[in-house]
Every structure is written in structure tokens, then in C-alpha cells.
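Reader: I have a new structure open and have not looked at it before. Can we go through it together?

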Amino acid sequence: FLWHHVTGLDAEDVAFLRENFQFHVLDFEDLGLSNPIPKLDLYNHYLFAVFQMPRWHQSVRIVTDDLEVFLGADYLVTVTKEPIESVERFASRAERNAKFRSDALGRGSAFLLYKLLRYAFYNSQSVVTDLVKRVGEVEERVFYVHDRKATRDLALLRRDVLFLRSVIDPQRSMVNLIASARRPYVSEDLA
């Protein structure tokens with residue numbers, strides 16, 4: 001099977017995808033947009049998904065980067081508008097390390113997607129860990145100092161927790177839907 005990874009999508013990349021794959025026109029439109037929420041479209045011969053990878057922006061606020069995915073029986077196409085560190089590291093490791101490549105790519109396109117998402121979300125756990133640490137620090141300040149800054153910081157943390165939940169929760173459902181999909185591009189051993 002084929003894995004085609006695109007970072008920094010441009011017109012030439014879109015032309016290549018249009019020439020080599022029969023994706024729905026709306027999926028091509030989605031490639032150019034910034035998606036506010038995760039997305040999954042299941043078709044008979046492929047799926048299109050937008051996963052959102054959380055990260056800290058300037059150590060102040062949680063934001064997401066879109067990982068757009070086309071999964072077919074004999075291909076996986078991954079697209080990022082900007083480099084996502086964990087995805088780029090995974091791709092680089094697969095390119096350089098034969099054993100890693102054999103393990104990740106050795107069981108088909110759906111298994112590769114599973115390995116890639118597992119790797120990317122495992123690396124996103126640092127966001128959650130850091131958030132938990134920050135909550136503990138602000139709780140201490142609220143209970144013992146309770147100044148205006150503590151109240152403001154608590155409100156900002158609340159915003160980040162709610163945002164992270166709005167990103168992670170739908171993606172859990174998406175992964176379950178993909179794993180249980182009875183489609184030719186999802187192997188039985190993923191269910």
C-alpha cells in the first residue's frame with residue numbers, strides 16, 4: 001500500500017491528490033479550511049477524517065493543529081497545513097528505521113493510521129499533564145492567596161479544560177466508528 005504524507009499543503013499538492021485519488025469534491029474543499037471541530041466522513045471506498053492535535057501556543061493557551069486523513073484499502077494520505085511535531089517525527093522515523101517501518105507499515109493502511117494516531121496522541125499527553133500541573137498550582141493560589149490574578153488564571157484554565165474536552169471527546173467516538181466500520185479499508189483485526 002501507499003502512504004503519502006503532505007506537510008504545508010499547496011496548489012501542487014492538491015493537483016497531485018486530484019490526479020491520483022478520487023476523493024469527493026467537498027473533501028478537497030475541506031483541505032483548504034481550518035476546521036473548528038474534528039470530522040469524520042465514511043464513504044464506501046475510503047474515509048476522510050480531520051483529527052485535531054492539541055498543543056500549547058506560546059505556553060499560554062491550548063490550540064489544535066489539523067491532521068487530515070484519507071484512508072483507503074491500499075493507501076493512507078495524511079495532510080497537515082503546518083508541521084505537527086509528533087507526526088513529522090513519526091514519518092521521519094518510518095523513513096529512517098527499517099524495523100519501525102516494518103512494524104508500522106507491515107499490516108496495511110488502517111493499521112498504519114492506528115499507529116500514527118496512537119503515536120500522535122501519546123505525544124499530546126504532555127498537554128494534559130501540564131494542564132493538570134497548572135490546575136494544582138492555581139488551586140493552591142486560590143485557597144491561600146486568592147488575588148485577582150488567581151481568579152483570572154482559574155478562568156483561563158477552565159477555558160483550556162473545556163476546549164480540550166471539546167476536542168478529545170468527539171475524537172474518541174471517531175476512532176470507535178472507524179474501528180467498527182464494516183468497510184473494505186478497515187481490517188477486521190482493528191475492531
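**Starting at D30**

Author: Leaving out residues up to four places away in sequence, D30 touches N35, K39, F48, E68 and K81. Keep in mind that this is a predicted model.

Reader: Where is D30 placed?

Author: D30 sits in helix α2, residues 25–31.

Reader: And is D30 buried or exposed?

Author: D30 counts as buried, because its relative accessibility is 10% and the cut-off for buried is under 20%.

Reader: Let me step back. How many helices and strands does the protein have?

Author: There are six helices and five strands. Starting at the N terminus, the elements come in the order β-α-α-β-β-β-β-α-α-α-α.

Reader: What box do the C-alpha atoms fill?

Author: Along the principal axes, the box is roughly 60 × 35 × 30 Å. The protein has 191 residues, of which 38% count as buried.

Reader: What share of the contacts comes from residues 24 or more positions apart?

Author: Such residues account for 60% of the contacts with a separation of 6 or more.

Reader: Now the strands. What is their order in the sheet?

Author: The order is β1-β5-β4-β3-β2, in an open sheet of five strands with mixed pairing. At the edges are β1 (2–7) and β2 (39–42), each of which pairs on one side only. From one strand to the next, the twist averages 15 degrees.

Reader: How do β1 and β5 pair?

Author: β1 and β5 pair in the parallel sense, over six bridges. T7, for example, stands opposite T80 in β5.

Reader: And which way do β4 and β5 run?

Author: Strands β4 (residues 61–72) and β5 (residues 75–80) run antiparallel, and five bridges join them. Two residues make up the hairpin link from β4 to β5. Across this pair, E68 stands opposite V79 and V69 stands opposite T78.

Reader: How many residues of β5 are buried?

Author: Six of its six residues are buried, and β5 is described as mostly covered.

Reader: Which residues of β5 point which way?

Author: Y75, V77 and V79 point one way, while L76, T78 and T80 point the other way. In a regular strand, side chains alternate between the two faces of the sheet.

Reader: On to the core. Which residues touch the most other members of the largest nonpolar core?

Author: W3, F51, L67 and F90 do, in a core of 28 residues. The elements that give two or more residues to this core are β3, β4, α3 (85–96), α4 (98–105), α5 and α6 (148–180). Helix α5 gives the largest share, seven residues. Apart from this core lies another, of 14 residues, with F23, F28, V77 and V79 among them.

Reader: Take W3 from that list. Where does W3 lie, and how buried is W3?

Author: W3 lies in strand β1. Its relative accessible area is 18%, so W3 is buried, the cut-off being under 20%.

Reader: What is W3 in contact with, neighbours within four places aside?

Author: The contacts of W3 are L76, T78, F90, A91, A94, L105, L112 and L116. In sequence W3 and T78 are 75 residues apart, yet in space they are 7.8 Å apart, C-alpha to C-alpha.

Reader: Which residues is L67 in contact with?

Author: With neighbours within four places in sequence left aside, L67 is in contact with A49, V50, F51, M53, T78, V79, T80, I84, V87, L116 and L117.

Reader: Last topic, the helices. Which strands does α5 lie across?

Author: Helix α5 (residues 109–144) lies across β1, β3 (46–57), β4 and β5, and runs at about 25 degrees to β3.

Reader: At what angle do the axes of α5 and α6 cross?

Author: They cross at roughly 150 degrees and come within 10 Å. α5 is therefore roughly antiparallel to α6, as angles over 145 count that way. The crossing of these two helices is left-handed.

Reader: Which residues of α5 and α6 meet there?

Author: From α5 the residues are F121, V128, L131, R134, V135, V138, R141 and V142. In α6 they meet K149, A150, D153, L154, L157, D160, V161, L164, I168 and Q171.

Note on methods:
Residues are numbered from 1 along each chain as its sequence is written. This is a predicted model: local features need pLDDT of at least 70, side-chain atom pairs count only at pLDDT 80 or more; totals for chains, interfaces and linings use all residues. Side-chain values use heavy atoms; hydrogens and water are left out. Two strands pair if DSSP finds at least two bridges between them. Helices (H or I, at least four residues) and strands (E, at least two) are DSSP runs, numbered from the N terminus. Axes are lines fitted to C-alpha atoms, for helices over the stretch in contact, and angles run from 0 to 180 degrees between N-to-C directions. Contact means heavy atoms within 4.5 Å. A nonpolar core is a set of buried Ala, Val, Leu, Ile, Met, Phe, Trp, Tyr and Cys residues joined through side-chain atoms within 4.5 Å. Buried means under 20% relative accessible area, exposed over 50%, partly exposed in between (1.4 Å probe, protein chains only). Angles under 35 degrees count as roughly parallel, over 145 as roughly antiparallel, 65 to 115 as roughly perpendicular and the rest as oblique. A crossing is left-handed if the near helix is turned anticlockwise from the far one by less than a right angle, and right-handed if clockwise.
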